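Visitor: Please show me the model, and then let us discuss how its parts are arranged.

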Amino acid sequence: MKLICISDTHGKHSDVKLTPADMIIHAGDMSEMGTKEQIQDFIDWFSSLDYRYKILVAGNHDFFFEQATSKEIRKMIPKGVIYLCDSGVEIEGVKFWGSPVQPWYHNWAFNKSVKTISKHWNEIPNDTDILITHVPPQSILDKNRRDELCGCPQLTPRVKEVKPRYHIFGHIHESYGVLESDGVIYMNCSSLNNLYEYQNEPILIDLDF
């Protein structure tokens, strides 16, 4: 199964240069400011793509998903699109888990305090094959343009415990890339650069397990 991974398109999804695969994953920040109209525009595009499976999580810009009721979200998400929010799905024997939460930063969506964020990470099943979060773990592909570490410190040890084969995220545009450490392949799939211009190609995974 081939996967194509993107993140942080911020309303510029039509600029993304996609290639054939079996699945597409979007790791959050599909919109600019998370209005219902912006989210709907993305969902219309995402659901129309020619991939057998489509998985997405929300990001800190995607306010609609934080503010809407479960019923409103279910109504918006069409058949064929899988929305993960501290939840998982198994596809062709591969176990995925996704979460939109991030450490508290100003007034963005899905902010969680230091005291409460760990309970979200503790929900990640130990048998997760592919983990999708919006925020990176701290010290892994999480440096911004000021060389600050912007990942979640509580997420780092949990990923090391779970040891998913892949950890897919975005959030910090400047740290796009792939890094393998202790048997986990980390992928910052941010599509836009720090100037919010489309720059980074989707990252491909060829699953073989």
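**Sheets, helices and a buried serine**

Visitor: In what order do the six strands of the open sheet lie?

Guide: This is a predicted model. The six strands form an open sheet with mixed pairing. Its edges are strand E5 (87-91) and strand E11 (177-181), each of which pairs on one side only, and the twist from one strand to the next averages 20°. Read across the sheet, the order is E5-E6-E9-E10-E12-E11.

Visitor: Which residue of E12 is the bridge partner of histidine 167?

Guide: E10 and E12 run parallel and are joined by four bridges. Within this pairing, isoleucine 168 stands opposite methionine 187 in E12. For histidine 167, the bridge partner in E12 is tyrosine 186.

Visitor: Which residue stands opposite tyrosine 186 in the pairing of E11 with E12?

Guide: E11 and E12 pair in the antiparallel sense over five bridges. They form a hairpin with two residues between them, and aspartate 182 in the turn has a positive phi of about 50°. Opposite tyrosine 186 of E12 stands leucine 179.

Visitor: How many of the residues of E12 are buried?

Guide: Val184, Tyr186 and Asn188 point one way from E12, while Ile185 and Met187 point the other way. Buried here means a relative accessible area under 20%, and the residues pointing either way from E12 are all buried. The strand is mostly covered, and the number of its residues that are buried is five of five.

Visitor: Within what arc do the buried residues of H5 fall?

Guide: Helix H5 covers residues 155-162, and its buried residues are Leu155, Thr156, Arg158, Val159 and Val162. Seen down the axis of H5, these buried residues line one face of the helix, because they fall within an arc of 165°.

Visitor: What covers the buried residues of H5, and which residue follows the helix?

Guide: The cover includes helix H4 (114-122) and strand E9 (130-133). Strand E10 (166-169) and strand E12 (184-188) also belong to this cover. The helix is followed by a residue whose phi is positive, near 55°, namely lysine 163.

Visitor: Which strands stand at the edges of the sheet of five strands?

Guide: The five strands form an open sheet with mixed pairing, in the order E4-E3-E2-E1-E13. Two of these strands have a single partner strand each, so one side of each is left without a neighbour in the sheet: strand E4 (81-83) and E13.

Visitor: What angle does the direction of helix H1 make with that of E3?

Guide: Neighbouring strands of the five-stranded sheet are turned by 20° against each other on average, direction ignored. Helix H1 (residues 36-48) packs on this sheet and touches E1, E2, E3 and E4. Its direction makes with that of E3 an angle of about 150°.

Visitor: Which residues form the covered face of E13?

Guide: Strand E1 (residues 2-6) and E13 run antiparallel and are joined by four bridges. In this pairing, leucine 3 stands opposite isoleucine 205. The uncovered face of E13 holds Leu204 and Asp206, whereas the covered face holds Ile203 and Ile205.

Visitor: Is serine 190 buried or exposed?

Guide: Serine 190 lies in the loop between E12 and strand E13 (203-206). Not counting residues up to four places away in sequence, serine 190 touches several residues, among them Asp8, Phe169, His171, Tyr176 and Asn200. Its relative accessible area is 0%, and a value under 20% counts as buried, so serine 190 is buried.

Visitor: What distance separates the C-alpha atoms of serine 190 and serine 31?

Guide: Along the chain, serine 190 and serine 31 are 159 residues apart. The separation of their C-alpha atoms is 13 Å.

Visitor: What radius of gyration does the protein chain have?

Guide: The protein chain has five helices and 13 strands, and its C-alpha trace spans about 40 × 35 × 35 Å along the principal axes. Of its 209 residues, 55% count as buried. A compact globule with 209 residues would have a radius of gyration near 17 Å, and the value for the protein chain agrees with this: 15 Å.

Notes
Residues are numbered from 1 along each chain as its sequence is written. This is a predicted model: local features need pLDDT of at least 70, side-chain atom pairs count only at pLDDT 80 or more; totals for chains, interfaces and linings use all residues. Side-chain values use heavy atoms; hydrogens and water are left out. Buried means under 20% relative accessible area, exposed over 50%, partly exposed in between (1.4 Å probe, protein chains only). The arc is that of the directions from the helix axis to the C-beta atoms. Contact means heavy atoms within 4.5 Å. Two strands pair if DSSP finds at least two bridges between them. Axes are lines fitted to C-alpha atoms, for helices over the stretch in contact, and angles run from 0 to 180 degrees between N-to-C directions. The radius of gyration is taken over C-alpha atoms; the globule rule is 2.2 Å times the number of residues to the power 0.38.
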